[in-house]
2 protein chains.
Amino acid sequence: MLAVTILGNNSALPAFDRHPTSQVVTLDEHLFLVDCGEGTQMQMAKYRIRRSRIHHVFISHLHGDHYFGLIGLITSMGLLGREHDLHLHAPAPLKEMIDLQLKVADTALPFTLHFHPLAEDGLIVKEEKFAVSCFKVSHRIPCWGFRFEQVKPPRRVNPAKAIEYGVPSSFYDRLKWAENYTTRDGKVIANELVTLEAPKPQSYAYSADTLYDERIVDKVKGVDLLYHETTYLKDLGDRAAKRFHSTTHQAGQIALKAGVSRLLIGHFSSKYEVLHEFEKEVREVFPNSELALEGVTYPA
Amino acid sequence: MLAVTILGNNSALPAFDRHPTSQVVTLDEHLFLVDCGEGTQMQMAKYRIRRSRIHHVFISHLHGDHYFGLIGLITSMGLLGREHDLHLHAPAPLKEMIDLQLKVADTALPFTLHFHPLAEDGLIVKEEKFAVSCFKVSHRIPCWGFRFEQVKPPRRVNPAKAIEYGVPSSFYDRLKWAENYTTRDGKVIANELVTLEAPKPQSYAYSADTLYDERIVDKVKGVDLLYHETTYLKDLGDRAAKRFHSTTHQAGQIALKAGVSRLLIGHFSSKYEVLHEFEKEVREVFPNSELALEGVTYPA
């Protein structure tokens, strides 16, 4: 299962009760935090995100609306007694900033914070069940998109067959990962007798803050769900270009060229109080599109 | 008029919809921001605080719950096109942090940010109508309290007399500041004929995060309104001491010894979901006490 939950969908200024950018990507039992604008820890509490399950945080770039909430979240994790490691993937200068903030507060975190500076396009996390890669996008300062992929999705248990062969439900989690079951009397039940093929691995790409840039197409090719920013409606293409942002139609074009299944748009400018025009316009180009709304979870 | 509006009344962790520390002190037409925890700019929007009227910000110390919202507020002021100067009074390392955050974002503020490092007890702002001084308190890292005082409160206009002597209401603001009125035919109306004595100058002290420390008594002596932290109830005196915080009874003792008129308590630990015991306990020592509640304005 791959899905993304939106914690903040607004651009630079908080407005109309919309918050700066933050998302939680759920991949089976793993949670990944993508960007962390001011107030993210409050949004996580509001939407009951279990921060103890977050092991990796990804920060696209160092404009404040994408990371000013990070130090508060890290500090709170420490105050709550977190002990397990946290991996932070972000532009290099963020490390200096966090080190300074902890130093002046005379604070030592009770957990290890591993800092991984973003440097080149390519794989940045590879585990048994998932992989994350990063890619450069076109913004006013160095900025990165991220692609999340299931490496090996779990097989599906066939409960009728499992019961027929006497496999207890406590073993179902292991069946999903292709283990055979051995009965008390030593008989081996082959996994494929009681499970179905795993579904196709799923993927999600977050293209961060960016100009319309066709080099992104290759990076997000064929994903099940693509998030692309749409700071402006289509009539403000010039302003979007000048400020290194995109419009609804441009996001739709990238989705179309990349052959993604579904498009999610966000990072709405504070000049817009209502958002329905965004939905209408993006669907003119790419019908299977949705507005990224706060508190909503979008499956891939 | 001197009053304080509470934007955040909780200690380190946001919890139960209580926010980290921030207050706005109103002194006649001037607004002062005191501490600025994460989310302060959202709280200001919620409670309709006009940030354009803030010219001075005071940060007590560099624990995150007192300043993590500052960079977001400053950045937003810039995005909204603020042009007039902002004065920031804070521990010295905050300047390096803000400079770094603006540099990596490639952001130049459209207004001048004057940084005034806190160094010694004493006067830090002196204008015609008000003065602000700072004083050291006892916390785990360097920490400062602030005292706000009216220097010369406005006289009160006597409308019946003003009408009798033919002073137009458009001149009332100048009457308050002791000007005489000259009629069209050159007759001078002495100010004291149409105004009443100014009330006694008012004062407010914010004693920040601190241990029970009787050296504070002198610094806050006789103020109309004292804010003193009460992170814990009276039964947790040992924990309060260990963490450089105070209890309800300790705050009451300081108020009593300093002979203040009214006491406001806040910075409640996240271990307490409800706060009524705080009110009950502090009034056992100092009856004229109030809980600092978010969104509420307390006149001095």
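Two residues are in contact here if their C-beta atoms, placed from the backbone, lie within 7 Å. With that in hand, take Tyr232(B): leaving aside neighbours within four places in sequence, Tyr232(B) is in contact with Arg239(B), Ala240(B), His245(B), Thr247(B) and Ser269(B).

Before going on, some housekeeping. This is a predicted model, in which local features need pLDDT of at least 70 and side-chain atom pairs count only at pLDDT 80 or more, while totals for chains, interfaces and linings use all residues. Residues are numbered from 1 along each chain as its sequence is written, and chains are lettered from A and ligands numbered from 1 in the order in which they are written.

Back to Tyr232(B). The residue sits in the loop between strand S15 (225–229) and helix H8 (237–242) of chain B; helices (H or I, at least four residues) and strands (E, at least two) are DSSP runs, numbered from the N terminus. Is Tyr232(B) buried or exposed? Tyr232(B) is buried, since 25 other C-beta atoms lie within 10 Å. The cut-offs are 20 or more such atoms for buried, 12 or fewer for exposed, and partly exposed in between, with C-beta atoms placed from the backbone. His267(B) is 35 residues away from Tyr232(B) in sequence, and the C-alpha to C-alpha distance is 8.8 Å.

Now chain A as a whole. The chain has 10 helices and 18 strands. Its radius of gyration is 21 Å, close to the 19 Å that the globule rule gives for 300 residues, so chain A is as compact as a globular protein of that length. That radius is taken over C-alpha atoms, and the rule is 2.2 Å times the number of residues to the power 0.38. Along the principal axes, the C-alpha atoms of chain A fill a box of roughly 70 × 55 × 35 Å. Of its 300 residues, 46% count as buried. Among contacts in chain A between residues at least 6 apart in sequence, 64% join residues at least 24 apart.

Next, the cores. In soluble globular proteins, nonpolar side chains tend to be buried together. A nonpolar core is a set of buried Ala, Val, Leu, Ile, Met, Phe, Trp, Tyr and Cys residues joined through C-beta atoms within 7 Å. The largest one has 142 residues, and Leu226(A) and Leu226(B) have the most contacts inside it. Beyond four places in sequence, the contacts of Leu226(A) include Ala205(A), Val220(A), Ala255(A) and Leu264(A). A second, separate core of 6 residues includes Ala162(A), Val167(A), Leu175(A) and Tyr181(A).

Two backbone details. Phi of Arg48(A) is near 55°, a positive value in a residue other than glycine. Arg48(A) is in the loop between helix H1 (40–46) and strand S4 (54–58) of chain A, and is exposed, with 8 other C-beta atoms within 10 Å. Asp106(B) also has phi near 55°. Its loop runs between helix H3 (93–104) and strand S6 (113–117) of chain B, and with 11 C-beta neighbours inside 10 Å, Asp106(B) counts as exposed.

Last, the interface. How many residues of chain B are in contact with chain A? There are 27, and they touch 27 residues of chain A. On the chain B side, helix H1 (40–46), helix H2 (70–79) and H3 each give two or more residues. H3(B) provides the largest share, 6 residues.
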